[in-house]
Amino acid sequence: MEKFKYKRILLKVSGEALGLKDDLYNNQKIDKVCQQIKTLINNQVEVALVIGGGNIWRGAKQGSAVGLDRINADYMGMLATIMNALVLESKLKTLGLNVIVQSALEVNKVAEPYYYKKAISRLEKGYVVIFAGGTGYPYFTTDTTAALRAAEIKADVILMAKNGVDGVYDQDPLVHKNATRFNSLSYQDITNKNLKVMDLTASTMSMEANLDILVFDINKPDNIIKAAQGKAVSTIISNKKKKG
């Protein structure tokens with residue numbers, strides 16, 4: 001059995017991580033994510049998952065383009081996360097894993113209502129628990145959902161998977177070749193340096209719940225596993241800035 005740094009993780013994955021530029025879903029990308037989750041479960045790591053919906057719907061941005069108000073646009077984004085959760089549920093079940101989808105929106109035909117005590121119980125029994133439907137309320141992002149659910153289930157860490165970026169930089173590394181990656185940051189650093197890691201609500205909630213966040217690149221081979229081991233190239237965000 002491999003050694004893992006964290007016992008209970010909250011994995012935050014964007015909807016875009018499930019597909020390609022012109023496709024909502026790409027089986028190869030989904031399979032890579034799910035195979036790594038299977039490895040974690042087989043090594044007794046408890047895995048909860050929050051998935052975004054950006055591959056289907058970009059919320060307020062797309063909503064305004066077609067005349068939707070912010071509230072309806074946000075609810076459509078929450079519905080998109082439920083669709084993505086069902087895709088991951090199906091794939092994980094084909095790999096022989098026990099999976100449950102809990103939704104903050106009532107969609108009882110396809111997911112059970114979110115209840116943190118039941119989520120914890122399922123995690124302890126080796127289930128993968130997928131949190132869908134955002135927080136159930138408009139004006140909150142899936143980053144905030146991840147922070148809230150991680151606090152409620154007492155996760156050891158939020159593994160925040162990014163597409164093509166292996167941590168937090170002082171400037172956009174996709175634009176500036178001389179951008180510098182931070183090994184570690186405090187929540188105060190995030191505010192002082194005006195770093196765009198997550199929205200302010202998610203950052204504040206994570207800080208108050210004393211959560212650690214590990215930001216890493218999901219596209220590198222086996223990087224979810226390496227992140228759970230504490231071995232991935234990444235940035236750690238916590239209440240106390242670590243050395244290095």
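Colleague: Which residue is the bridge partner of Phe-216 in β11?
Modeller: In this predicted model, Phe-216 has Ser-234 as its bridge partner in β11. Strand β11 covers residues 234–238 and pairs with β10 in the antiparallel sense, over four bridges.

Colleague: And in what sense do β6 and β10 pair?
Modeller: Those two strands run parallel, with five bridges between them. Leu-159, for example, has Leu-214 in β10 as its bridge partner.

Colleague: Is β10 largely enclosed or left open?
Modeller: Strand β10 (residues 213–217) is largely enclosed by the rest of the structure, because five of its five residues are buried. On one side these are Ile-213, Val-215 and Asp-217, and on the other Leu-214 and Phe-216, so both faces are covered.

Colleague: How many strands form the sheet, and in what order?
Modeller: There are nine, in an open sheet with mixed pairing, ordered β4-β3-β5-β2-β1-β6-β10-β11-β9. The edges are β4 (112–113) and β9 (184–186); each has a single partner strand, so one side of each lacks a neighbour in the sheet.

Colleague: What pairs with β4?
Modeller: Strand β3 (residues 99–103) pairs with β4 in the parallel sense over two bridges. Gln-102 stands opposite Glu-112 there.

Colleague: Which strands does α5 touch?
Modeller: Helix α5 packs on the sheet and touches β1, β2, β5 and β6, and its direction makes about 170° with that of β1.

Colleague: Changing topic, which residues form the nonpolar surface patch?
Modeller: The patch consists of Ile-71, Tyr-137, Tyr-139 and Phe-140, with about 450 Å² of accessible area together. Phe-140 lies in the loop between β5 (128–132) and α5 (142–153).

Colleague: Why does Phe-140 count as partly exposed?
Modeller: Its relative accessibility is 42%, and partly exposed residues fall between the 20% limit for buried and the 50% limit for exposed.

Methods:
Residues are numbered from 1 along each chain as its sequence is written. This is a predicted model: local features need pLDDT of at least 70, side-chain atom pairs count only at pLDDT 80 or more; totals for chains, interfaces and linings use all residues. Side-chain values use heavy atoms; hydrogens and water are left out. Patches are made of residues with over 30% relative accessible area and no salt bridge: like charges are joined within 9 Å, nonpolar side chains (Val, Leu, Ile, Met, Phe, Trp, Tyr) within 5 Å. Accessible areas come from the Shrake-Rupley method with a 1.4 Å probe; for residues, only the protein chains shown count as cover. A salt bridge is a side-chain nitrogen of Lys or Arg within 4 Å of a carboxyl oxygen of Asp or Glu. Buried means under 20% relative accessible area, exposed over 50%, partly exposed in between (1.4 Å probe, protein chains only). Two strands pair if DSSP finds at least two bridges between them. Contact means heavy atoms within 4.5 Å. Axes are lines fitted to C-alpha atoms, for helices over the stretch in contact, and angles run from 0 to 180 degrees between N-to-C directions.
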